[in-house]
Each structure stands twice: as C-alpha cells, then as structure tokens.
Amino acid sequence: MVVEQIYTGCLAQGAYYIESDGEVAIIDPLREVHSYVNKAEKNNARIKYIFETHFHADFVSGHVELAQKTGASIVYGPNATPSFECIIAEDEQIFEVGKIKIKVLHTPGHTMESSCYLLIDENGVENCIFTGDTLFIGDVGRPDLAQKSNLTIEDLASYLYTSLHTKIMALPDNLIVYPAHGAGSACGKNMSKETYDTLGNQKKVNYALQPQSKEQFIAAVTDGLTPPPYYFPKNVMINKTGAKTLDDVKTSIQALSPEAFEVAANELGAVMLDTRAAQTFKDGFIPNSINIGIKGDFAPWVGTLITDIEQPILFIADQESIDEVITRLSRVGYDNIVGYLAGGFEAWKAAGQEVDTIESISAEDFANKYVENEGKLLVKDVRKETEYRAEHVEEAECVSLAYLSNNMAAFSKDETNYIHCAGGYRSMIAASILKSRGYDNIVDIAGGFAAIAKTDVPRSNFICQSKLKV
C-alpha cells in the first residue's frame with residue numbers, strides 16, 4: 001500500500017495518491033492532472049477512483065479531466081449535485097482499491113456535501129483518514145462558505161460540531177489525519193504549518209476538538225471570520241460543472257511584443273500582472289502594472305485582489321516562469337489570460353517604453369528617519385490584523401492588504417506613506433496598487449517587520465498569536 005501526500009505550497013493544498021495491488025485512488029486532485037496519470041503509468045497501476053471531499057472553493061479541481069483520461073469514476077459524498085456523471089456515495093459506503101478499502105463518512109458542516117474518507121488497510125486496520133476541509137491540523141473548516149437561504153453560519157457550524165463528534169472523534173487516536181489544506185489557506189483561520197498529524201494529538205491541541213458544548217463550539221469557530229476571497233463562489237461553480245483542460249487554456253495565450261502588449265492593455269482594460277520578485281519590480285516596471293510575485297502566495301493573492309475571475313489578464317514574467325504563471329493562475333480559475341510580454345521587462349525597456357519605479361529603503365534607513373522625525377511618520381502596516389495585534393511599530397496603522405481597495409482613504413496623497421508587511425512580499429503588492437491609483441509618495445520598507453524588529457524603532461508589546469482570537 002502506498003499513501004502519498006502531494007502538497008502544493010502556493011495553495012497550501014494537499015492532494016493524495018493511494019495505490020494498492022495495481023489500483024489507484026486520487027483524492028482532491030489539482031487541475032494539472034498529468035502528474036497523477038504519469039505516476040500510475042510508471043507503477044503499472046490503474047486509476048480506479050477519484051474521491052472529492054467537497055466542491056472546492058479555493059482551487060479548480062482536475063477531477064473531470066482526470067476521469068476522461070483514465071476512465072476512473074468520480075466519487076462525491078451525499079448531497080452533492082454535480083452536472084457531470086459521477087457516483088454520489090451513501091454514508092459509510094465502502095469502495096475497494098486493490099487490497100484496501102475506503103469508507104465514506106458524510107461530515108456536513110463546512111459544506112453540506114463534505115465527506116471524509118477512512119482508509120482501511122490490507123489487514124482490516126483503520127489506518128488514516130482524509131478529512132478534506134472538515135478537519136485541519138489545528139483547526140476545522142470555516143462554516144460560512146456554503147450558505148443557502150435556509151441555512152445560517154450557525155446552522156452549518158452546528159452540523160460541523162455533530163460531524164466531528166459522531167464521525168471523527170470516535171475513531172482511534174493513532175489514526176493519521178490527512179487534511180486538504182495547511183497554513184496559508186483561506187478555508188480556515190488557525191491552521192498549523194504541519195500537513196498531517198495523529199487524531200489523538202489533534203484531540204489534545206486543536207481548539208475545536210476540546211471538551212465544549214455545541215454553543216461554545218459554534219461561538220469559537222464563527223468568531224473572527226474574515227470575508228472569503230471573491231473568487232471562491234466562482235470556483236465552486238467551475239468544480240460543479242467541470243473545467244476546460246489546462247492544455248485548452250494554454251493554446252489561446254499569446255506572446256506579445258511591447259507595442260502589442262500596450263495596445264491589448266488599453267483596448268481590453270486588462271490587468272497587467274508583473275510576477276517578478278518585489279525587489280526587482282521596484283527598480284523598474286510598466287506604469288499601472290500590479291506586482292504579485294510568483295515566488296510567494298501568488299494564486300491566493302491574485303484571487304483576493306483581482307475580484308473578477310473573468311478579468312482579462314496580461315502578465316510580465318521571467319522567461320523560465322511563464323508556464324508556471326499560467327498554471328498557477330488556472331489553478332484558481334483565472335483562465336482569461338490574453339498573453340504575456342515576449343522578452344519580459346527587458347524587451348519593454350529596449351523598446352523605449354515608459355517605465356515607473358517605487359522607492360524602497362532598508363529597515364535601518366527607516367529607523368534613522370523615524371528618529372529624525374521623532375516618530376511622526378505615516379507608517380502603514382499591511383499585514384493581517386492578527387499579525388499587527390501581536391506586535392507592531394508604535395505609530396503604525398493597520399491597513400490589511402486583503403482590504404486595501406476599500407481603505408484607500410487611509411493613505412495620504414500629501415505626506416509620504418511608509419509601507420511594510422512581514423517580509424516585503426505583501427508591501428510591494430500594496431505599493432504597486434497604490435501607485436496605479438495615483439499615489440506617488442510611497443516608500444516600501446524592504447524586509448518588512450522582520451527587519452524593522454532588529455532596529456530600535458519603538459514597538460508594541462509582543463502578544464503570542466496563539467493567544468489572540470483569529
């Protein structure tokens with residue numbers, strides 16, 4: 001028996017490859033399915049089932065294409081209503097994969113069709129459970145992503161409490177928990193960076209699994225929920241109907257000369273997405289382009305900040321990153337990619353096109369300016385509120401990047417705005433957005449709060465984030 005977690009860091013997503021005696025099950029596959037097909041072929045195995053834990057909101061699944069390529073059956077739990085052919089399993093229905101069995105456990109709460117899959121090994125021993133978005137390491141699925149007119153958040157949280165207590169917590173403590181996501185996903189609020197654990201340890205450390213009444217549980221899991229990214233509902237619909245193949249997406253994308261790139265941007269109203277590193281971007285970029293670096297939480301930030309999933313996109317990338325950019329945009333359903341700048345930003349400069357820059361200073365230079373101005377600087381912290389509350393520059397105001405567009409008034413067009421995040425990735429995104437909106441007096445603090453904390457700039461008292469309500 002082989003159980004392999006295929007973890008994709010940029011999405012904080014875990015898919016699973018399970019093989020026994022020449023048969024394979026895939027759980028929650030990503031959109032690019034070739035890796036699963038190739039792995040099975042290399043092992044002379046056949047993909048028999050594709051198990052989906054629920055209709056995913058944060059990424060586009062490859063279940064339909066994978067089924068078409070392999071002849072495998074797609075399996076959902078009760079209450080699922082897809083528009084393609086699949087098996088809608090009954091609660092506790094068992095599927096055989098080689099010498100092992102996979103048992104469906106219907107666990108509504110995150111969504112009403114949410115189901116976990118219990119793996120029973122060759123010896124009849126309950127070995128591990130694939131919990132989807134029902135149970136994470138350190139958290140549980142948020143209950144606000146699948147509301148219907150007759151179901152409130154509290155109703156869904158109540159279902160989740162019952163699912164956890166009647167279906168999950170009664171299982172053996174040595175069972176391995178394999179969730180669909182880890183830290184960084186927007187599907188929970190307090191997930192661990194660990195990607196698996198034993199159920200017994202989760203019973204000890206997971207706040208949602210502690211002894212508590214249903215009312216206390218509901219209050220805990222609904223407290224501090226931030227609005228989900230705008231693209232979530234659209235991804236759900238794509239996953240219910242099935243996405244077009246990634247190959248089909250790629251065939252329509254054009255390599256554009258600087259002149260054609262500029263024309264396309266103007267005529268289509270396309271977002272110009274610069275995917276280079278922040279400290280490269282700041283030294284020169286196409287005016288009005290937005291920086292979201294590919295070497296970071298690229299797809300989630302695209303989904304958070306580009307609110308229309310149908311928005312035409314033009315992108316700028318290093319040559320070696322072009323395919324990766326397309327793949328990572330498509331993973332979250334952004335398929336309307338018009339083209340990319342052939343030759344990258346160097347081609348733009350060589351064509352004599354207009355170039356913009358963003359001032360970026362070191363934390364040490366910021367500390368000196370802070371002293372010179374007796375702390376009277378306009379400092380904007382674009383981290384999450386929980387990060388800000390844990391520790392921040394004394395005079396800084398929190399304007400979280402996720403809500404930047406709704407809080408432009410927090411920035412001054414007269415005074416200099418000094419912007420930082422934790423390490424420099426998010427602050428450059430914020431600076432590029434502000435530049436595109438006409439804010440020219442922007443200074444990025446390189447290295448973010450991690451670098452500032454090594455200087456003498458006054459900071460608030462540190463509060464461990466685990467003690468904050470998140």
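**View 1. Overall dimensions of the predicted model.** Along the principal axes, the C-alpha trace spans about 70 × 50 × 40 Å. This is a predicted model, in which local features need pLDDT of at least 70 and side-chain atom pairs count only at pLDDT 80 or more, while totals for chains, interfaces and linings use all residues. Residues are numbered from 1 along each chain as its sequence is written, and side-chain values use heavy atoms, with hydrogens and water left out.

View 2. Of the 470 residues, 57% count as buried (under 20% relative accessible area, 1.4 Å probe, protein chains only). Contact means heavy atoms within 4.5 Å. Among contacts between residues at least 6 apart in sequence, 68% join residues at least 24 apart.

View 3. Val 33 sits in the loop that links strand E3 (23-27) to helix H1 (34-42); strands (E, at least two residues) and helices (H or I, at least four) are DSSP runs numbered from the N terminus. Val 33 counts as buried because its relative accessibility is 1%. Apart from neighbours within four places in sequence, Val 33 is in contact with Gly 62, Glu 65, Leu 66 and Lys 69.

Terms used:
Buried means under 20% relative accessible area, exposed over 50%, partly exposed in between (1.4 Å probe, protein chains only).
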